Amino acid sequence: MGPVRRRLTAAALFLSLPTTALAEVCDKIRPDWTADAGPQGWLAETAYILASPPSLALAILLLLALAFPRLWLALPATLLTLAFAALLLVSRQAPMAVAARTEGCLATATPAIALLALAALLTLARALLARRRKPA
């Protein structure tokens with residue numbers, strides 16, 4: 001059983017390594033990325049996601065909701081931000097994203113998702129606390 005197990009392990013390892021056949025995936029997802037740059041790190045991926053136009057628009061909306069803690073403003077900002085975080089979570093499980101992560105041009109989005117969810121929930125909490133403090 002030893003030689004068979006070693007061959008199976010070697011085959012599984014060989015199949016999971018990044019190859020040049022997957023290069024067309026990264027050309028579509030991240031055209032500026034090259035294999036010479038090395039795999040994308042989680043910090044760079046978080047910065048890439050948070051600097052994207054949807055994230056910046058949500059950041060402006062969240063900042064408005066923090067500056068003016070009204071429930072009618074905080075609730076849509078929270079829901080939109082949580083929806084964007086959920087979209088990120090689901091999109092990273094697509095076959096193309098998995099192939100790009102295998103090649104190295106895409107890293108985990110978990111820190112960005114956590115930051116978006118935390119900002120959304122803190123914005124909602126601030127609006128709810130401001131509403132509670134307001135005399136009726």
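This is a predicted model: local features need pLDDT of at least 70, side-chain atom pairs count only at pLDDT 80 or more; totals for chains, interfaces and linings use all residues.
Residues are numbered from 1 along each chain as its sequence is written, and side-chain values use heavy atoms, with hydrogens and water left out.

**The whole chain**

Begin with the protein chain shown as a cartoon, where the secondary structure comes to 7 helices and 0 strands; helices (H or I, at least four residues) and strands (E, at least two) are DSSP runs, numbered from the N terminus. Followed along the sequence, the pattern reads α-α-α-α-α-α-α. Of the 136 residues in the chain, 29% are buried, where buried means under 20% relative accessible area, exposed over 50% and partly exposed in between, with a 1.4 Å probe and protein chains only. Among the contacts with a separation of 6 or more, 75% are between residues 24 or more positions apart, a contact being heavy atoms within 4.5 Å.

**Helices H4 and H5**

Next, select helix H4 (residues 53-67) together with helix H5 (71-91). The two pack at an angle of about 155°, with their axes 9 Å apart; axes are lines fitted to C-alpha atoms, for helices over the stretch in contact, and angles run from 0 to 180 degrees between N-to-C directions. That angle makes H4 roughly antiparallel to H5, since angles under 35 degrees count as roughly parallel, over 145 as roughly antiparallel, 65 to 115 as roughly perpendicular and the rest as oblique. Show the side chains of the contact, which include Leu58, Leu61 and Leu62 of H4 and Leu73, Ala77 and Phe84 of H5. The residues of this contact divide into 11 nonpolar, 2 polar and no charged; Ala, Val, Leu, Ile, Met, Phe, Trp, Tyr, Cys and Pro count as nonpolar, Asp, Glu, Lys and Arg as charged, and the others, Gly among them, as polar.

While H4 is selected, pick out Leu56, which has its place in this helix and is partly exposed, with a relative accessible area of 45%. Leaving aside residues up to four places away in sequence, Leu56 touches Leu50 and Ala51.

**Helices H5 and H7**

Among the residues making the contact are Leu75, Thr78 and Leu82 of H5 and Ile113, Leu116 and Arg131 of H7. This contact divides into 16 nonpolar, 3 polar and 1 charged.

**The salt bridges**

For the last stop, select Arg30, Glu45 and Arg92, which are linked in a network of salt bridges; a salt bridge is a side-chain nitrogen of Lys or Arg within 4 Å of a carboxyl oxygen of Asp or Glu. The structure holds 2 salt bridges. In one, the side chains of Arg30 and Glu45 meet at 2.7 Å, N to O. Arg30 lies in the loop between helix H2 (23-29) and helix H3 (42-50), and Glu45 in helix H3, so this pair ties together parts that are 15 residues apart in sequence. Glu45 also meets Arg92 in a salt bridge, at 2.7 Å, N to O. Arg92 lies in the loop between H5 and helix H6 (95-103), so its pairing with Glu45 ties together parts that are 47 residues apart in sequence.

Finally, colour these residues by accessibility: Glu45 counts as buried at 0%, Arg30 as buried at 8%, and Arg92 is buried at 11%.
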